[in-house]
Amino acid sequence: MATADKSSSSSDGRSRLSTHFDVPESSHPDRWAQLWDAGDFLPWDRGGSNPALKDLLNQKRGLIGDCWLEKEDGSKRRKTALVPGCGRGYDVLLLAVHGYEAYGLEISDKAVEKCLEEKKINGDQYMADEHSDRVGTSTFLKGDFFAGEWNNAVPGGTFDLIYDYTFFCALSPAMRPAWSQRMVQLLTTTPAGLLICLEFPTYKDPLIAGPPFGLTPQTYLEHLSHPGKKLAYDESGHVQVGNHGSPTSDSLERLDHWQPERTHEIGKGTDWVSIWRHK
């Protein structure tokens, strides 16, 4: 979904995007669909997967495991992965190359069409020799992340891995409790289930209109520790820390948290990666 540029040269684009979404939140899905349908203003498109995700998949297998999950009968199945707000599908195709049964979710038919186009035209560019023996699958779905039956395409309706880069920050702050609750619902409760968040944009003043909406690592921590709960924010737009009680029984716990060596230019020095699972 949406990203923003730190440079002043992008101020017109940021203003155009925030103006486009200066409507009731219930109209935001239609506004995303309008941008996809027009196709002439897609400022969140960086032309490829974030290098931080590539490095995570290649270098952190001791943390996230591989693409296989052993079943009770000793056989193996591919792990399922979800990328909500997947854009043109770059991350979905990357996860598939790494062996996952990867699903991308978008809000409009045109967005799904663009994903399929990317897969057809550039799919081979995601391939690498070291992955050729374990390539998984990629599927693109149209649906509302918060509602509907789109996840019925996956056995059990849950995912072994969920990757969020510019989805959380594309939502207005009022939608954050629903985001955390839905993540808890969609992430499998097995020990292998992992939510990966590439935290962005932590450099942006949260009082400046979005999308994307400015946030901090504490925003993720507080909401995923209290999924579905409306949290208090201070006058500067930051979530209050330590004022919401102990983590709830359905909360996710953070396994690891670091600043990636590589990321898109826009997030260098400010992006964070966090890994979460059910307790």
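1. A salt bridge here is a side-chain nitrogen of Lys or Arg within 4 Å of a carboxyl oxygen of Asp or Glu. Helices (H or I, at least four residues) and strands (E, at least two) are DSSP runs, numbered from the N terminus.

2. A word on the basis of these notes: this is a predicted model, where local features need pLDDT of at least 70, side-chain atom pairs count only at pLDDT 80 or more, and totals for chains, interfaces and linings use all residues. Residues are numbered from 1 along each chain as its sequence is written, and side-chain values use heavy atoms, with hydrogens and water left out.

3. How exposed are the two partners from point 1? I use buried for under 20% relative accessible area, exposed for over 50% and partly exposed for in between (1.4 Å probe, protein chains only). On that scale K142 is partly exposed at 48%, while D109 is exposed at 53%.

4. The whole structure holds nine salt bridges, and two others are worth a look. K110 pairs with E113, their closest N and O atoms being 3.3 Å apart. These residues are three apart in helix α6, about one helical turn. K110 is partly exposed at 26%, and E113 is partly exposed too, at 40%. The other pair is E265 with K268, where the closest N and O atoms are 2.9 Å apart. Here E265 is exposed at 57% and K268 partly exposed at 47%.

5. The buried residues are P217, T219, Y220, E222, H223, L224 and S225. They pack against α7 (176-186), β7 (194-199), β8 (252-258) and β9 (272-278).

6. Lastly, which residues does L53 touch, leaving aside its neighbours within four places in sequence? They are D91, L94 and Y163, where contact means heavy atoms within 4.5 Å. L53 belongs to helix α3 (residues 51-59) and is buried, with a relative accessible area of 2%. From L53 to T158 the separation is 105 residues in sequence and 21 Å in space, C-alpha to C-alpha.
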